[in-house]
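Colleague: I have a structure open that is new to me, and I would like to learn how to read it feature by feature. Could we go through it together, slowly?

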Amino acid sequence: MILVGLTGGIGSGKSTVSARLAARGAVVLDADAITRDVQLPGSPVLVQLAERFGPGVLATDGSLERQALATIVFADPEALKALNAIVHPAVGREMNRRLIEQRATTNVVILDIPLLTENPREGLQGRIVVDVPVETQVERLVKYRGFDEADARARIGRQASRDERLATADFVVDNNGAPEDLEPQIDRLWEWLTSLPQLPEDYEPVAPKPQT
């Protein structure tokens with residue numbers, strides 16, 4: 001197994017890059033998708049969320065009412081810490097379980113983690129950063145995801161800065177251009193990824209360090 005992290009700010013197009021790597025044969029472990037999996041109706045995480053934040057965070061079908069939860073935690077730093085304390089360990093355990101399934105393979109495994117800079121993870125062989133200017137992030141969030149500009153800037157401001165992410169990068173993908181501009185970069189990225197050494201089959205995943 002070759003193990004590399006992938007990150008980028010909201011609106012950077014990180015999912016596009018991970019999809020193109022998956023098309024080349026990479027196994028992508030998406031932290032956002034895993035978060036949704038551990039928050040399914042009836043899950044221990046969802047029970048804890050309802051106990052901590054009230055029944056208003058549950059929809060009528062028992063699923064998580066994400067916007068209701070977001071409204072609570074993004075206005076209250078202590079509530080956000082409480083949310084992270086419930087969700088992050090569960091996501092880390094599930095990601096490690098999926099990693100262990102891959103460690104005897106020769107696959108390129110990509111940990112797609114939006115907050116990798118904020119919550120570094122040990123044991124990675126490299127870190128890929130999908131990079132765009134902040135104004136491009138804002139424009140994409142408003143145009144394609146229905147954010148108003150103030151909300152877009154607030155979301156961006158709660159993440160690591162562009163410079164902080166770039167300082168951790170072993171490979172930078174510039175996603176500020178047209179979609180076709182990505183392909184040569186993905187080719188170079190894949191060449192780099194497949195040149196990395198295989199981890200030993202007894203590799204033990206390490207949970208990310210929580211942000212303090």
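Colleague: Let me begin with a helix: which residues are buried in helix 1?

Modeller: A word on the source before the answer: this is a predicted model, in which local features need pLDDT of at least 70 and side-chain atom pairs count only at pLDDT 80 or more, while totals for chains, interfaces and linings use all residues. Residues are numbered from 1 along each chain as its sequence is written, and side-chain values use heavy atoms, with hydrogens and water left out. We call a residue buried under 20% relative accessible area, exposed over 50%, and partly exposed in between, using a 1.4 Å probe and protein chains only. By that reading, K14, V17, S18 and L21 are buried in helix 1. They cover an arc of only 95 degrees around the axis, which puts them on the same side of helix 1; the arc is that of the directions from the helix axis to the C-beta atoms.

Colleague: Why would residues spaced like that point the same way?

Modeller: An α-helix has 3.6 residues a turn, so residues three or four places apart point the same way. On the other side of helix 1, S15 and A23 are exposed.

Colleague: What do the buried residues of helix 1 pack against?

Modeller: Packing is read from contacts, meaning heavy atoms within 4.5 Å. The buried residues of helix 1 pack against strand 1, strand 2 (27–30), strand 3, strand 4, strand 5 and helix 9. Just after helix 1, G25 takes a positive phi of about 115 degrees.

Colleague: How many helices and strands are there in the chain?

Modeller: Helices (H or I, at least four residues) and strands (E, at least two) are DSSP runs, numbered from the N terminus. The chain has nine helices and five strands, and its elements run, from the N terminus on, β-α-β-α-α-α-α-β-β-α-α-α-β-α. The radius of gyration of the chain is 18 Å, close to the 17 Å that the globule rule gives for 212 residues, so the chain is as compact as a globular protein of that length. That radius is taken over C-alpha atoms, and the rule is 2.2 Å times the number of residues to the power 0.38. Along the principal axes, the C-alpha atoms fill a box of roughly 50 × 40 × 30 Å, and buried residues make up 43% of the 212 residues.

Colleague: Which residues touch the most other members of the largest nonpolar core?

Modeller: A nonpolar core is a set of buried Ala, Val, Leu, Ile, Met, Phe, Trp, Tyr and Cys residues joined through side-chain atoms within 4.5 Å. Of the 30 residues in the largest one, L3, L49, F53, L69 and L111 touch the most other members. Helix 5 gives the most to this core, with nine residues. Apart from this core lies another, of 18 residues, among them V173, W190, L193 and L196.

Colleague: And the loops: is G11 buried or exposed?

Modeller: G11, found in the loop between strand 1 and helix 1, is buried, with a relative accessible area of 17%. Not counting residues up to four places away in sequence, G11 touches V132, Q137, R140, L141 and R145. In the loop between strand 3 and strand 4 lies E122, which is partly exposed, with a relative accessible area of 41%. The C-alpha atoms of E122 and P205 are separated by 8.3 Å, although these residues are 83 residues apart along the chain.
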